[in-house]
Amino acid sequence: MKSKVYFSREITPEKVALMYKLAGVKLGGKVAVKLHSGEVGNQNFLKPDFWKPVIEEVGGTVVECNTAYDGGRDTTAKHLKTIQKHGWTKYFNVDLLDAEGPDLVLDIPDGKVIKKNYVGKNLANYNSLLVLSHFKGHPMGGYGGAIKQLSIGIASSYGKAYIHGAGVPEEKWTSDHDSFLESMADAALSIVRYFDGKIVYVNVMKNLSVDCDCCAVAEDPCMKDIGILVSTDPVAIDMACIDLVYAAKDDPGQKHFIERVESRNGILTIEAAEKIGAGSRGYELEEV
């Protein structure tokens, strides 16, 4: 059976909250809301005002983890300062999942490359998960969407290095590239299984730069905004976003964006995630 992906060309904060409801999953208990807090200096990340209605809809706590690269979010002290600077604490309760160790270790017995995923230990305090992804390009992954949020996003600082290094944290910037992409899929699977159906994914195709929100110096967006997508399948929603990029043939920035995805073999992450059971590339797109 194909996974359902809902799509709207209207991009407003209120529309995100309305679209979330279409997923048909009531996120209960204590809800973690994973989003990107934005690297210091980045101009493209989606701000607190944008996400406010949907976070209020689920009554969630914004969650983040420290980075594995130098910058404004690589230590707990710096990250908390950045979170406050970017306005997240103005509206929301914020939980830095790996503020203190030890990490929560999730087993991935059928992972292709890695067999363990190291995540912020505070994840254990939550019953369900809302994944809010700013879909865009990425310097290493080719693109960033739901699968990246599940994997790199929820991994602790050590866990991020572990994924990037394909199981060898010391090789986080020098590991085999395709093994890194497949490691992201492995890590994503562990989170899908951890929450066991209690996850909703929202991808917003806005501010479409070839660079990630983790880049302090990022290219300005090269493509026009496309829309909002919602699904309960992380593989399907990312695949639908990629397909919408390829369908935007009249957009002058399309070739530049596609070059970023293809030159990094970004589709491999989607293919690998499907192969190990994290979701399906087959989807039914319903425009609303």
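Predicted model: local features only at pLDDT ≥ 70, side-chain atom pairs only at ≥ 80, totals over all residues.

Q: Is Cys214 buried or exposed?

A: Buried means under 20% relative accessible area. Cys214 has a relative accessible area of 17%, so this residue is buried.

Q: What is the volume of the largest pocket, and which residues lie nearest its centre?

A: Rolling a probe the size of a water molecule over the atoms shows where empty space is left. Here the largest pocket has a volume of about 310 Å³. Its lining has 22 residues, and those nearest the centre are Tyr69, His138, Lys148, Ile152 and Cys214. Two or more lining residues come from each of helix H5 (146–153), helix H6 (157–164) and helix H7 (177–195). H5 gives the largest share, four residues. By class, the lining holds 11 nonpolar, six polar and five charged residues.

Q: Which residues are closest to the centre of the second largest pocket?

A: This pocket holds about 160 Å³ of space. It is lined by 13 residues, with Val192, Asp196, Gly197, Tyr201 and Thr232 closest to the centre. H7 and strand E10 (199–205) each supply at least two of the lining residues. Six of the lining residues are nonpolar, three are polar and four are charged.

Q: How many cavities of 30 Å³ or more does a search of the whole structure find?

A: A cavity differs from a pocket in that the probe fits inside but cannot get out. The search finds one cavity of 30 Å³ or more. About 40 Å³ of space lies in the largest cavity, and its lining consists of Gly141, Tyr143, Ile147, Lys148, Met184 and Thr269. Of these, three are nonpolar, two polar and one charged.

Q: Which residues touch the most other members of the largest nonpolar core?

A: In soluble globular proteins, nonpolar side chains tend to be buried together. The largest nonpolar core in this model has 63 residues, and Leu129, Phe135, Ile191, Met205 and Leu229 touch the most other members. H7 contributes the largest share of this core, 10 residues. Another core, of 30 residues, lies apart from it and includes Leu27, Leu35, Val58 and Trp88.

Q: What does Leu229 touch, not counting residues up to four places away in sequence?

A: The residues touched by Leu229 include Val5, Tyr6, Phe7, Val202, Met205, Ile237, Leu244 and Leu285.

Q: Where is Asp233, and is this residue buried or exposed?

A: Asp233 sits in the loop between strand E11 (227–231) and helix H8 (234–247). Its relative accessible area is 7%, so Asp233 is buried. Leaving aside neighbours within four places in sequence, Asp233 is in contact with Ser3, Tyr201, Ala278, Gly279 and Ser280. Asp233 and Gly197 are 36 residues apart in sequence, with their C-alpha atoms 9.3 Å apart in space.

Conventions
Residues numbered from 1 in each chain as written. Heavy atoms only, no water. Buried < 20%, exposed > 50% of the residue type's maximum accessible area, 1.4 Å probe, protein only. 1 Å grid on protein atoms, 1.4 Å probe; cavity = no way out; pocket = protein on both sides within 12 Å on 5 of 7 lines; lining within 4 Å. Points joined across faces, edges and corners; volume = space filled by probe spheres on them. Nonpolar A, V, L, I, M, F, W, Y, C, P; charged D, E, K, R; others polar. Core = buried A, V, L, I, M, F, W, Y, C linked by side-chain atoms within 4.5 Å. Contact = heavy atoms within 4.5 Å.
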